[in-house]
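The briefing below is meant to be read alongside the sequence and the coordinates.

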Amino acid sequence: AVLIAAAFIAGTLFYKNQQAAQAAQVAAQNQAVLVRADAPSFGNPDAPVHIVEFFDPACDTCREFYPMVKALMAEHPGKIRLSLRYAPFHPGSEPVVRALEATRNQGQFKQALEALFVAQDDWVINHTANINAAWSRLNTLGLDMPRLQTDMGTPVVAAMITRDLADAQTLNVTMTPEYFVNGKPLPKFGFDELKKLVEDELANTK
């Protein structure tokens with residue numbers, strides 16, 4: 001029984017290592033679809049470390065990680081850039097993403113993103129997003145709401161979301177949040193793993 005258990009553990013580790021190696025290879029071969037110049041971005045555009053996150057505003061883990069990533073960036077001022085890519089995997093989240101993207105035209109993307117995360121429990125019920133409830137939250141930000149409604153329906157916004165979803169598929173992104181640091185995927189999901197990969201990349205720039 002001990003030998004069987006040991007063999008199972010070894011097999012599981014081997015499989016996970018193979019998965020990690022495959023993910024790294026896919027990312028290395030598809031850098032052009034990982035980094036898009038028009039993606040929403042925070043931080044120094046010339047920072048030596050670039051985090052790319054595929055996210056869904058309806059994702060509770062995305063909400064949980066967001067302030068931790070902000071704190072990590074604050075620990076290393078000017079050295080980390082964060083770019084966000086859309087992956088609306090939750091039911092009902094695509095119109096919310098369209099509205100969020102449209103807030104960029106009014107210079108309020110960050111405010112809208114953080115407001116949606118704060119109120120996520122109000123507009124995401126049983127992992128399903130409700131655009132009407134999210135809309136009510138966005139209405140508190142002083143946005144030009146008729147303009148926002150027009151902008152979120154434009155072909156440009158629809159094309160960006162379609163492209164991001166296609167890029168996610170190319171990179172084998174199936175869940176959110178999914179992070180890449182200087183083009184490298186996390187070897188294993190977790191904030192500690194993200195922080196270590198960022199710190200390793202920072203050390204390499206010294």
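In this predicted model, the side chains of Glu 193 and Lys 188 meet in a salt bridge, with a distance of 3.9 Å from N to O. Glu 193 counts as partly exposed because its relative accessibility is 24%, whereas Lys 188, at 54%, counts as exposed. Elsewhere, salt bridges that share partners join Arg 36, Asp 38, Arg 85, Arg 163, Asp 164 and Asp 167 into one network.

**Other salt bridges**

- The count of salt bridges comes to 12, and one of them is formed by Glu 114 and Lys 70, whose closest N and O atoms are 3.0 Å apart.
- That pair links distant parts of the chain, since Glu 114 lies in helix 5 (residues 109–118) and Lys 70 in helix 3 (residues 60–75), 44 residues apart.
- Glu 114 has a relative accessibility of 24% and is therefore classed as partly exposed; Lys 70, with a relative accessible area of 36%, is likewise partly exposed.
- Arg 147 forms a salt bridge with Asp 151, the closest N and O atoms being 3.4 Å apart, and both residues lie in helix 8 (residues 145–152), four residues apart, which is about one turn of the helix.
- In an α-helix there are 3.6 residues a turn, so residues three or four places apart point the same way.
- Arg 147 counts as partly exposed at 38% relative accessibility, while Asp 151 is buried, with a relative accessible area of 13%.

**Confidence**

- The protein chain has a mean pLDDT of 90, and 87% of its residues reach 70 or more.
- Confidence is lowest in helix 1 (residues 2–29), where the mean is 57, and highest in strand 3 (residues 80–86), where the mean is 98.
- Over residues 12–17 the pLDDT is below 50, and this stretch has zero contacts in the model beyond near neighbours in sequence.
- Where pLDDT is low, the predicted coordinates should not be read in detail.

**Overall make-up**

- The protein chain has 10 helices and seven strands, and buried residues make up 43% of its 206 residues.
- Among contacts between residues at least 6 apart in sequence, 78% join residues at least 24 apart.
- The accessible surface of the protein chain comes to about 10,800 Å², and 55% of this belongs to carbon and sulfur atoms.

- Which residues of helix 10 are buried? They are Phe 191, Leu 194, Leu 197, Val 198, Glu 201 and Leu 202.
- The buried residues of helix 10 pack against several elements, namely strand 2 (49–55), helix 3, strand 3, strand 6 (178–181) and strand 7 (184–185).

Terms used: Residues are numbered from 1 along each chain as its sequence is written. This is a predicted model: local features need pLDDT of at least 70, side-chain atom pairs count only at pLDDT 80 or more; totals for chains, interfaces and linings use all residues. Side-chain values use heavy atoms; hydrogens and water are left out. pLDDT is the predictor's confidence in each residue, from 0 to 100. Helices (H or I, at least four residues) and strands (E, at least two) are DSSP runs, numbered from the N terminus. Contact means heavy atoms within 4.5 Å. A salt bridge is a side-chain nitrogen of Lys or Arg within 4 Å of a carboxyl oxygen of Asp or Glu. Buried means under 20% relative accessible area, exposed over 50%, partly exposed in between (1.4 Å probe, protein chains only). Accessible areas come from the Shrake-Rupley method with a 1.4 Å probe; for residues, only the protein chains shown count as cover.
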